Amino acid sequence: MKQILQLLEENARLTTEQMAVMCNLDEEELKNKIKQLEDDGVILGYKALIDWDKTDREYVSAVIELKVAPQRDRGFDRIAEKIYNYPEVQSVHLMSGGYDLMLIIEGKTMREVAYFVAYKLAPIEDVVSTATHFVLKKYKDKGVIYKMPEKDERECVL
Amino acid sequence: MDYSKILSAKSQSLKPSGIRKFFDMLGGMDDVVALTVGQPDFVTPWHIREAGIESLEMGKTYYTSNSGLLEMRTEISNYLKRRFDLSYDPEREIVVTVGGSEAIDMTMRALIDPGDEVIIPTPCFVCYEPLCRMADGIPVSVVTEEKDNFKLTPEKLNAAITPKTKLLIMPFPNNPTGAVMTYDDLEKIAEVLRDTDIMVLSDEIYAEMTYGGKKHVSIASLPGMRERTIVVNGFSKAYAMTGWRMGYTAAPAPVTEQILKLHQFGIMCAPTTSQFAAIEALKNGDDDIFKMTGEYDYGRRFLVNGLRKIGIPCFEPEGAFYVFPNIGVFGMSSEEFCERLLYEARVAIVPGTAFGECGEGFARISYAYSLKHIAAALERIGNFVNTLKK
């Protein structure tokens, strides 16, 4: 199972035939295992990694540190739910340390993100404070380095 | 000036590497998918590079002792014990060399007298024969065959031994065939050698690249073999450190003494920066090895399966990172097949004959590439083979 997940995490576009060869499994068996992982919610989806900076799409993203007051019985779950339902919110993590929730927000412009923080996030009951950090450049995300693949410079010797 | 009269006749008589010739054809061609290289598809892991950089920052730019930093030799000794159950004294039995190639060269020079015979299982890496000749030895080729899984058999070894035999080269896991020798295979070879004075140069540069759950066995770990074996290994393949030029010999003290003397006069010492990087590799690099070997194994399965599906018979390689398919079935010489594949399908592979005449009928394909790259090559090879069948 771990091997299948690692392969998919690395490259979700491998065909089941290719993966079966690599894992030394029967293709049908492999398909069943992947289906099981999907049904169990272990595999939640398959997406492409896109470097939007190479396109003409205008966007900004920001990391937001949120301090919140946890609620009786529900802890942070309820407020996290409330926040992750906004489509602007790309990710939500509960953190140890100086603040509670770390969000990554995307918007078309800085102003749009600023408005979202000021008018949507900050007013939520139980949100104690926010700190917004705009992303200037993305170098590496999800283990992938955001630059052109390098040419194979290996020389043929002997 | 007539240089041919001036230059060493011995040097001039050496044939240039056959791989070289094929690579030269490649030069200037574009849109070629090459599966030719004999080096890892990874850069050296960052923590290892960092150790090299740090040594420079600290101003460690001096010579080391001739045999290498004692810490380096100690870590090599620990590594050989940990991975292959070999015991060598870091003070007296290990020399750090400039890559495995220098280790091979120095070992031959330390052992060979004019007229001594050196048994070389072929197909094999291209350097043994010329280095043997330069040491005034006589190379005796023993052909390993596909039907024996390209292993060296005791019968063939026995048939090649004469009173002049000084040294046996054991190039396993093998470049280009991908063959390995198991404990049982080695035991049969050891049995032939035990009552003789024949020494063994065991080139274990691909020792970490073995697949299918089979761990590499060093012939030096067999009873009675340590005293007659020179283990040659290095960092190029296991840690993706080809450019650092780091290798070593591990051998009984009297042999090491001679190797060290030659190394001292010829090289002085192996590069210091590389030694500091290699120490880090030995201390904290085992996981890198496992990770990279896992990736090679994917490539191996992928390529072998792909070739077989195309209809190219392919011996299941268990070591190194090469596949050695039988292309004789297409009724062409290796060179012709590889040339046509290059010009008609734009895929570069190396003709088997580059590794000795006995490589005729075969080709070496490296899988030290990304899966995407291998898949692209397989598609082209498939199309090419289909046109042959028509």
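In this predicted model, the side chains of B:D41 and A:R154 meet in a salt bridge, with 3.5 Å from N to O, and the count between chain A and chain B is two salt bridges. Six residue pairs, both at pLDDT 80 or more, are in polar contact between these chains. On the side of chain A that touches chain B, the elements giving two or more residues are α1 (2–10) and α2 (16–23) of chain A, and α2(A) gives the most, with four residues. That side of chain A divides into seven nonpolar, three polar and four charged residues.

Chain B is itself divided into domain 1 (3–44 + 288–383) and domain 2 (61–285), whose centres, taken over C-alpha atoms, are separated by 24 Å. The two interfaces are set out here.

| Interface | Residues in contact | Buried area | Share from carbon and sulfur |
|---|---|---|---|
| Chain A and chain B | 14 residues of chain A, 19 residues of chain B | about 1,500 Å² | 60% |
| Domain 1 and domain 2 of chain B | 36 residues of domain 1, 38 residues of domain 2 | about 3,200 Å² | 63% |

Within domain 1 of chain B, B:I289, B:F315 and B:E318 lose the most area to domain 2 of chain B, together 22% of what that side buries. Two salt bridges are found across this domain interface, and the side chains of B:D136 and B:K10 meet in a salt bridge of 3.1 Å, N to O, while 19 residue pairs, both at pLDDT 80 or more, are in polar contact across the domain interface. The elements that give two or more residues to the domain 1 side are α2 (9–13), α12 (286–310) and β9 (322–323) of chain B, with the largest share, eight residues, coming from α12(B).

Definitions and conventions:
Residues numbered from 1 in each chain as written. Chains lettered and ligands numbered in written order. Predicted model: local features only at pLDDT ≥ 70, side-chain atom pairs only at ≥ 80, totals over all residues. Heavy atoms only, no water. Contact = heavy atoms within 4.5 Å. Buried area = accessible area lost by both parts, 1.4 Å probe. Salt bridge = Lys/Arg side-chain N within 4 Å of Asp/Glu carboxyl O. Polar contact = N/O pair within 3.5 Å; in protein donor to acceptor, adjacent residues only side chain to side chain. Nonpolar A, V, L, I, M, F, W, Y, C, P; charged D, E, K, R; others polar. Domains from an automatic or database assignment.
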